[in-house]
Amino acid sequence: MKLNDIKLKPKTCKQCGDKFIPQRPLQMVCGAPCAIAYGNKLKARKAADTAKQERQALRERKEKLKGRKEWEKDAARWFNKWVRLRDAHLPCISCGRTELTYLEAWDCGHFRTVGSAKHMQFIEDNAHKQCSTDNRGSEKYIQKRERIAKAYEENLRLRIGDERVDAVKNDNTTRHYTIEDFKAIKSKYKTLCQLLEKESQS
C-alpha cells in the first residue's frame with residue numbers, strides 16, 4: 001500500500017480553525033494561504049521568544065553589576081509599595097485624610113525616619129501610608145515636623161496599640177544588611193505586593 005492510499009483523519013487547521021482532510025500525515029494547515037500565514041506566525045513567535053530571552057539575559061547581566069546601594073533601592077521600592085498596598089483602605093497616618101489633592105501622592109512614611117533611624121527602614125510597624133505633604137513637606141520646618149510626628153504617634157497608638165509603638169520607639173537593634181539581605185527583602189515584598197494586587201482585583 002502506498003502512502004498516498006492511506007486515508008488520514010480530518011484535522012483542524014492550525015491557522016484558520018477549519019476542518020480539512022490532510023494530504024500528508026504531518027500536515028498542519030488546510031492549504032497554501034494558511035501555510036504562509038502560519039509560517040509567518042511561527043517566525044513572529046520565535047522572534048518574540050528570542051527578544052524575551054535577550055531581555056532576560058540583559059536583566060541578569062545588569063543585576064550582576066548592581067552594587068549594594070542599588071539593591072537597597074530595589075528592596076526599599078518594593079517594601080514601600082507593599083506598605084501603601086497594605087494600608088490602601090486606611091487614611092493618612094498623620095493627618096487622617098483619605099483623599100489627596102492634585103499635586104499629592106501616597107507615600108510610605110516612617111515613624112522613626114530613615115534619616116534618623118536607618119536600622120528601622122524595613123520594620124513593618126514603623127512604616128505606614130502617609131500623604132506626601134506630611135511625609136515630604138516637614139523636613140525644613142521644625143514646628144511642622146514636630147506637629148506631624150506627634151499626630152503620627154497618636155494615630156499609630158490607636159492603630160497598633162501602645163505596646164507595639166513603644167517597641168518601635170525602643171528598638172535600637174543594630175542591623176547591617178548585606179546584598180543578599182536586600183535581595184531577600186525585595187523578593188518577599190514583591191511577592192506580597194503581587195498577592196495584594198491580585199486580591200484587590202478579585
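This is a predicted model: local features need pLDDT of at least 70, side-chain atom pairs count only at pLDDT 80 or more; totals for chains, interfaces and linings use all residues.
Biologist: Let's start with helix H6. How far apart are its end C-alpha atoms?

Modeller: They are 33 Å apart. H6 covers residues 179-201, which is 23 residues. At 1.5 Å a residue it should span 33 Å, so the two values agree.

Biologist: Which residues of H6 are buried?

Modeller: Phe182, Ile185, Lys186, Tyr189 and Cys193.

Biologist: And what covers them?

Modeller: The cover includes helix H1, residues 32-65, and helix H2, residues 68-86.

Biologist: Take H2, then. How many residues does it have, and how far does it reach?

Modeller: H2 has 19 residues. From first C-alpha to last it reaches 27 Å, close to the 27 Å expected at 1.5 Å a residue.

Biologist: Which H2 residues are buried, and what do they pack against?

Modeller: The buried ones are Trp71, Glu72, Asp74, Ala75, Ala76, Trp78, Phe79, Trp82 and Val83. They pack against H1, S3, S4 and H6.

Biologist: Asp74 is on that list. Why does it count as buried?

Modeller: Its relative accessibility is 12%, and buried means under 20%, so Asp74 counts as buried.

Biologist: What does Asp74 touch?

Modeller: Lys66 and Lys186, not counting residues up to four places away in sequence. Lys186 is itself one of the buried residues of H6. Lys66 also lies over the face of Trp71, at 4.3 Å from the ring centre.

Biologist: Now the cores. How many residues has the largest nonpolar core?

Modeller: It has 15 residues. Those with the most contacts inside it are Phe79, Trp82, Val83, Phe122, Phe182, Ile185 and Tyr189. H2 and H6 each supply at least two residues of this core. The largest share, seven residues, comes from H2.

Biologist: Which other core is there?

Modeller: A second, separate core has nine residues. Among them are Ala117, Tyr152, Leu156 and Val165.

Biologist: Back to Phe182. What does it touch?

Modeller: Leaving out residues up to four places away in sequence, Phe182 touches Arg68, Trp71, Glu72, Ala75, Phe122 and Tyr177.

Biologist: Buried or exposed, for Phe122 and Tyr177?

Modeller: Phe122 is buried, with a relative accessible area of 7%. Tyr177 is buried as well, at 19%. The cut-off is under 20%.

Biologist: New topic: Gln130. Where is it found?

Modeller: In strand S4, residues 127-131. Gln130 is buried, with a relative accessible area of 3%.

Biologist: What polar contact does its side chain make?

Modeller: The Gln130 side chain makes one with the side chain of Ser94, at 3.1 Å. Beyond four places in sequence, the contacts of Gln130 include Cys92, Ala105, Trp106 and Tyr152.

Biologist: Last one, Ser200. Buried or exposed?

Modeller: Exposed, with a relative accessible area of 61%. Ser200 is found in helix H6.

Biologist: What does its side chain reach?

Modeller: The Ser200 side chain reaches the backbone oxygen of Glu197 at 2.7 Å.

Biologist: And how far is Ser200 from Phe20?

Modeller: Their C-alpha atoms are separated by 46 Å. Along the chain the two are 180 residues apart.

Terms used:
Residues are numbered from 1 along each chain as its sequence is written. Side-chain values use heavy atoms; hydrogens and water are left out. Helices (H or I, at least four residues) and strands (E, at least two) are DSSP runs, numbered from the N terminus. The expected span of a helix is 1.5 Å times one less than its number of residues. Buried means under 20% relative accessible area, exposed over 50%, partly exposed in between (1.4 Å probe, protein chains only). Contact means heavy atoms within 4.5 Å. A polar contact is a pair of N or O atoms within 3.5 Å; within protein, one must be able to donate a hydrogen and the other to accept it, and residues adjacent in sequence count only if both atoms are side-chain atoms. A nonpolar core is a set of buried Ala, Val, Leu, Ile, Met, Phe, Trp, Tyr and Cys residues joined through side-chain atoms within 4.5 Å. A charge sits over a ring if NZ of Lys or CZ of Arg is within 6 Å of the ring centre and within 35 degrees of the ring normal.
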